[in-house]
Amino acid sequence: MAELLLDPDIRLWVFLPIVFITLLFGIIRHYVSQLLHVDPKPVLEEIKDGQALLRTKHLRENGGYIPEQSFLMRRHYFNNEETGYFKKEKRSIKTPLSAMDPTMTMSMVKGTLTNVLPMIVLGGWISWVYSGFIITKVPFPLTLRFKVMLQRGIQLTTLNASWVSSVSWYFLNVFGLRSVYTLILGQDNAADHTQRMAEQMSNPVLSGKQDINKIFKEQSEALQVAKHHDLLANSSEEMLHLAIPIHTSNGPRQITVKKTQ
């Protein structure tokens, strides 16, 4: 089959405009998302529970650096049957629908408007304006399975799978400009709609919040079986085993204090 020869004007009127339009829309999306972003209000109850769980984790992992009496006092504060934090604090279990507040709902709607809708509109416009163009070719051979991905809008069974259509080039730019967005807008930017969609799907309101009472029970049991191991029991003796430099009139000397039996 004869090799295709592309018109140089395709680079100026199709290839580069698609890159520029996709990049510009990503930057606009970033600033529009910043204007529409509303920080969620912190919930005092969730902050207290999170700090309690964090303190429990630190107590289990680093309890050997405090005296045993201090370790037992802290465990008593969490696990006492009558006044323990994990025993007296009972949280109501909320379903995903009941946990969804109006602020979170508006945030989801704004995320859809700024991420999904512009991508659909821009993709449809590019498919209408630039449909039917072959604009570039990948520098390595590909199998026929890649024709569906790289040659959208072109129905030529005899065309080599390495050629890329204009519509496929747009989708490659949508998913391939993340590094450029990071370079221009910084690490935490709203231009990458795929990242925002993943964050929305991992939202605890959509996936269902965890049962905090079950977590309290698990942490209480783990703390109850935790044993105190004094990690500083021999610290003074270990320090005395170190070489101690002493300055004398004849110059610095180094002596070693050995443990006496």
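Predicted model: local features only at pLDDT ≥ 70, side-chain atom pairs only at ≥ 80, totals over all residues.

**Entry 1: the whole chain.** I began with burial: buried residues make up 30% of the 261 residues in the protein chain. Buried here means under 20% relative accessible area, exposed means over 50%, and partly exposed is in between, with a 1.4 Å probe and protein chains only. Residues are numbered from 1 along each chain as its sequence is written, and side-chain values use heavy atoms, with hydrogens and water left out.

Next I looked up the secondary structure, which comes to 13 helices and 4 strands. These are DSSP runs numbered from the N terminus (helices are H or I, at least four residues; strands are E, at least two). Then I checked contacts, meaning heavy atoms within 4.5 Å. Among those between residues at least 6 apart in sequence, 65% join residues at least 24 apart.

**Entry 2: H1 and H8.** Two packed helices are described by the angle between their axes and the distance between the axes. At what angle do H1 and H8 cross? Roughly 35°, with the axes of H1 (residues 9–36) and H8 (residues 166–176) coming within 10 Å. Axes are lines fitted to C-alpha atoms, for helices over the stretch in contact, and angles run from 0 to 180 degrees between N-to-C directions.

On the H1 side I found Val-14, Phe-15, Ile-18, Val-19 and Thr-22, and on the H8 side Ser-166, Trp-169, Tyr-170, Asn-173 and Val-174. I sorted these residues into 7 nonpolar, 3 polar and no charged. For the sorting, Ala, Val, Leu, Ile, Met, Phe, Trp, Tyr, Cys and Pro count as nonpolar, Asp, Glu, Lys and Arg as charged, and the others, Gly among them, as polar.

**Entry 3: the cores.** A nonpolar core is a set of buried Ala, Val, Leu, Ile, Met, Phe, Trp, Tyr and Cys residues joined through side-chain atoms within 4.5 Å. Which members of the largest core touch the most others? Out of 15 residues, they are Val-14, Ile-18, Ile-126, Tyr-130 and Tyr-170. H1, H6 (102–129) and H8 each give two or more residues to this core, and H1 gives the most, with 4. A second, separate core has 11 residues, including Ala-52, Phe-78, Tyr-85 and Phe-216.

I also followed Tyr-170 on its own. Leaving aside neighbours within four places in sequence, Tyr-170 contacts Ile-18, Thr-22, Met-119, Leu-122, Gly-123 and Ile-126.

**Entry 4: rings.** Rings of Phe, Tyr and Trp (its six-membered ring) pair if their centres lie within 6.5 Å; planes under 30 degrees apart count as stacked, over 60 as edge-to-face and the rest as tilted. I got 9 aromatic pairs by this rule. In one of them, Trp-125 and Tyr-130 sit edge-to-face, 6.1 Å centre to centre with 85° between the planes. Tyr-130 counts as buried because its relative accessibility is 11%, whereas Trp-125, at 38%, is partly exposed. Ring pairs also link Tyr-77, Phe-78, Tyr-85, Phe-86 and Phe-216 into a cluster.
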